[in-house]
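Open your viewer and get a cartoon view ready, with side chains at hand. We will go from stop to stop, selecting a few residues at a time.

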Amino acid sequence: MKAVGFTEFGGPEVLQVLELPTPEAGPGEVRIRVHAATVNAVDALQRGGPSGPPDVQPPFVPGMDAMGVVDQIGPGADTDLTVGDRVMAIVVPSGSHGAYAEQVVVPAESVVHAPYGATDAQAASLPMNGLTARLALDTLDLKPGQTIAITGAAGAVGGYAVQLAKADGLRVVADASEQDETLIKELGADVVLRRGAEYPDRVRAEVPEGVDGLVDGAGLGALTARAVRDAGRVVTLLGFDGPGERDVVFEPIVVFGYAREHAKLDQLRQRVEEGRITLRVAKTFPAEQAVEAHRLLAAGGVRGRLVLTF
């Protein structure tokens with residue numbers, strides 16, 4: 001099968017088209033003929049340097065989001081899917097196992113029907129970032145009527161977090177640059193404040209007692225404690241785990257723990273079909289143009305996802 005990956009670490013230019021053995025679905029697994037795979041920041045991190053077990057050998061194939069058609073179901077797979085179904089899946093990459101491939105095998109729990117009416121590229125944009133947003137909100141465990149602040153709201157995770165928080169009945173105070181303000185309002189944020197290092201102080205001016213919880217997608221780190229009430233919690237997406245003032249707790253999260261949360265992935269599908277989640281695709285590229293896609297991602301400022309098609 002055709003895949004896109006690399007044999008040495010480096011910049012976007014190390015990506016190349018590879019020919020790899022076609023994987024077979026084992027017990028409890030589903031094989032997908034991939035039509036689309038999203039390009040995420042984590043893919044660039046994987047490409048840039050060693051991050052996995054030291055005994056894993058090249059070639060390396062990145063990619064955590066796949067959309068395609070079921071073409072094989074392994075023995076004993078607990079699934080209602082059938083061969084030919086349009087599906088989306090979260091992929092935990094390891095070595096040559098990643099979503100940038102014509103075929104990928106995943107646990108049955110990691111794959112669900114694609115949202116009705118979504119294009120291939122749109123469906124591919126949802127699983128990993130959507131589940132990250134869901135994990136962030138579940139970690140905060142806020143109740144309807146409480147207030148959440150979200151930084152990096154224009155990003156992939158941040159945008160989903162805004163919409164999922166609204167679906168959960170929360171009051172959302174989100175950040176935005178001047179050019180993104182309209183977008184964030186359209187996503188449903190109740191209050192939109194200018195992004196940057198002063199955002200936590202702006203939140204306090206808007207919510208004097210502090211918000212009940214915060215999702216930090218912008219990497220503001222310790223600064224976010226200012227925005228949160230005493231003993232409140234901050235979920236961090238970039239690994240920050242420092243001590244917080246006034247007993248504010250920082251909780252870094254990693255989406256791998258939700259890779260087999262089938263019900264939560266299927267709930268994301270339902271939220272799309274209900275019109276509560278907006279799938280934003282900025283541009284698609286044939287898989288052979290993965291270098292260009294990674295360069296565009298590295299340049300920054302992309303609103304919506306970049307997607308490879310196979």
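Here is a short tour of the cores and helices in this predicted model.

**Stop 1: the largest nonpolar core.** Select L126, I148, I150, V162, V172, I184 and I277. These residues have the most contacts inside the largest nonpolar core, which has 51 residues. Next, colour the elements that each supply at least two residues of this core, including β5 (86-90), β8 (147-151), β9 (171-176) and α4 (156-167). Helix α3 (127-140) belongs to that group too, and its seven residues are the largest share of the core.

**Stop 2: one residue close up.** Centre on V162. Leaving aside residues up to four places away in sequence, V162 touches I150, A153, V172, A174, L187, G188 and A189.

**Stop 3: a second core.** Now pick L20, V34, A37 and L308, which are among the 37 residues of a second, separate core.

**Stop 4: two crossing helices.** Show α3 and α7 together. How do their axes cross? They come within 10 Å and cross at roughly 110 degrees, so α3 and α7 are roughly perpendicular to each other. On the α3 side, select P127, G130, L131, R134 and D138; on the α7 side, K264, L265, Q267 and L268 meet them. By class, this contact has four nonpolar, two polar and three charged residues.

**Stop 5: helix α1.** Finish at residues 41-48, where the buried residues of α1 are D43, Q46 and R47. They cover an arc of only 100 degrees around the axis, and therefore lie on the same side of α1.

Conventions. Residues are numbered from 1 along each chain as its sequence is written. This is a predicted model: local features need pLDDT of at least 70, side-chain atom pairs count only at pLDDT 80 or more; totals for chains, interfaces and linings use all residues. Side-chain values use heavy atoms; hydrogens and water are left out. A nonpolar core is a set of buried Ala, Val, Leu, Ile, Met, Phe, Trp, Tyr and Cys residues joined through side-chain atoms within 4.5 Å. Buried means under 20% relative accessible area, exposed over 50%, partly exposed in between (1.4 Å probe, protein chains only). Helices (H or I, at least four residues) and strands (E, at least two) are DSSP runs, numbered from the N terminus. Contact means heavy atoms within 4.5 Å. Axes are lines fitted to C-alpha atoms, for helices over the stretch in contact, and angles run from 0 to 180 degrees between N-to-C directions. Angles under 35 degrees count as roughly parallel, over 145 as roughly antiparallel, 65 to 115 as roughly perpendicular and the rest as oblique. Ala, Val, Leu, Ile, Met, Phe, Trp, Tyr, Cys and Pro count as nonpolar, Asp, Glu, Lys and Arg as charged, and the others, Gly among them, as polar. The arc is that of the directions from the helix axis to the C-beta atoms.
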